[in-house]
Amino acid sequence: MNITKQANGLLSIYFTAGYPSLDSTVDIAEALEKAGADFLEIGFPYSDPVADGPTIQHSSEVALKNGMTLNQLFEQLKDLRKRVSIPVYLMGYVNPVIQFGVENFCKACREVGITGTIIPDLPMYEYEELYKDIFLENKVSNVFLVTPQTSPERIRKIDSLSTSFIYLLSSNATTGTQLHVQDQSEAYFKRIKDMDLNNPIVIGFGIHNHDTFDKATQYANGAIVGTAFVKLLAEENYLQKIPAFISSIKGK
């Protein structure tokens, strides 16, 4: 259930499990698929989300206060595949995964139908030496991040270890930073595209409207919207507003 390199114009939506309410996770996922999202990233909250901007940090704080834990999340996701068919990735920091147990975490992902994980602070060498076989045995893809400073050699290595897609950060900023595609950014996107990697490329950080989505997908197979969607979840009747939100990003 991974995305393919032939796909293009894909829209992924990120949201935090347990926000705005503890039991909203699967309802939001189902609404997003019905509205036209192509794949999802469900964040599991952490008390020290250093790479996240204030909007996603706040959603994590609320989710933790609501009682969201990995145990709680996997319990909620037991019925995920009865309601959601598109790829779903879990995104978060490595500490909760280690506390849960990497093997237990991967087994739980497999049991509930999670496609893969995005764990930005899991070092590549640590994944390769300690955890790779566990992920592969459970058919859970681990997604690696590439920044403007990532060397071509490291990108090739990431490509060789990847079994799903490569997450291309538009910048080194925190989440929620607006994407301003200048010549430097375009050169970076083009450089990665011209490497003709084996795995699909998806651009994240700063995608918040149709223009930024359209610009990103000129260079990549898809783009990820996080902060702009999490802001929507703070509004009343947010489930009813999801179709219009997805249409505004895709421009359809």
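What follows is a working chat about helices and selected residues in this predicted model.

Trainee: What are the ground rules here?
Mentor: This is a predicted model in which local features need pLDDT of at least 70 and side-chain atom pairs count only at pLDDT 80 or more, while totals for chains, interfaces and linings use all residues. Residues are numbered from 1 along each chain as its sequence is written, and side-chain values use heavy atoms, with hydrogens and water left out.

Trainee: OK, α1. How many of its residues are buried?
Mentor: Nine of its eleven, so α1 is mostly covered; buried means under 20% relative accessible area, exposed over 50%, and partly exposed in between, with a 1.4 Å probe and protein chains only. Among the buried ones are Thr25, Glu30 and Glu33. Helices here are DSSP runs of H or I with at least four residues, strands are runs of E with at least two, and both are numbered from the N terminus.

Trainee: What covers them?
Mentor: The cover includes strands β1 (10-16) and β2 (39-43), along with helices α3 (70-76), α4, α11 (227-232) and α12. Contact means heavy atoms within 4.5 Å.

Trainee: How do α1 and α12 cross?
Mentor: Their axes come within 9 Å and cross at roughly 35 degrees. Axes are lines fitted to C-alpha atoms, for helices over the stretch in contact, and angles run from 0 to 180 degrees between N-to-C directions. The contact is made by Asp27, Ile28, Ala31, Leu32 and Ala35 of α1 and Tyr238, Leu239, Ile242, Pro243 and Ile246 of α12.

Trainee: What else does Leu32 touch?
Mentor: Not counting residues up to four places away in sequence, its contacts include Ile13, Phe15, Ala37, Leu40 and Phe229. Leu32 is also listed with Ile13, Leu90 and Phe229 as having the most contacts inside the largest nonpolar core, which has 90 residues. A nonpolar core is a set of buried Ala, Val, Leu, Ile, Met, Phe, Trp, Tyr and Cys residues joined through side-chain atoms within 4.5 Å.

Trainee: And Glu33, what does that touch?
Mentor: Arg83, Val84, Ser85 and Ile86, again leaving out residues up to four places away in sequence. Glu33 and Pro87 are 54 residues apart in sequence and 9.8 Å apart in space, C-alpha to C-alpha.

Trainee: What happens just after α1?
Mentor: Gly36 takes a positive phi of about 115 degrees.

Trainee: Switching to α2. Is Ser59 buried or exposed?
Mentor: Buried, with a relative accessible area of 0%. Ser59 is in α2 (residues 54-66), and a polar atom of its side chain lies 2.7 Å from the backbone oxygen of Ile56. Beyond its neighbours within four places in sequence, Ser59 is in contact with Thr16, Tyr19 and Val230.

Trainee: What about Ser60, buried or exposed?
Mentor: Ser60 is buried at 4% relative accessible area. Outside four places in sequence, Ser60 touches Thr16, Pro45 and Tyr46.

Trainee: Where is the kink in α7?
Mentor: The kink is centred on Tyr131, is about 75 degrees, and sits in α7 (residues 124-137). The bend at a residue is the angle between axes fitted to the seven residues ending there and the seven starting there. Tyr131 is among the buried residues of α7, as are Met124 and Phe135.

Trainee: Last one, which backbone oxygen lies 2.9 Å from the Arg81 side chain?
Mentor: That of Gly113, with the distance taken to a polar atom of the side chain. Arg81 is in α4 (residues 80-83) and counts as partly exposed at 26% relative accessibility.

Conventions
Polar contact = N/O pair within 3.5 Å; in protein donor to acceptor, adjacent residues only side chain to side chain.
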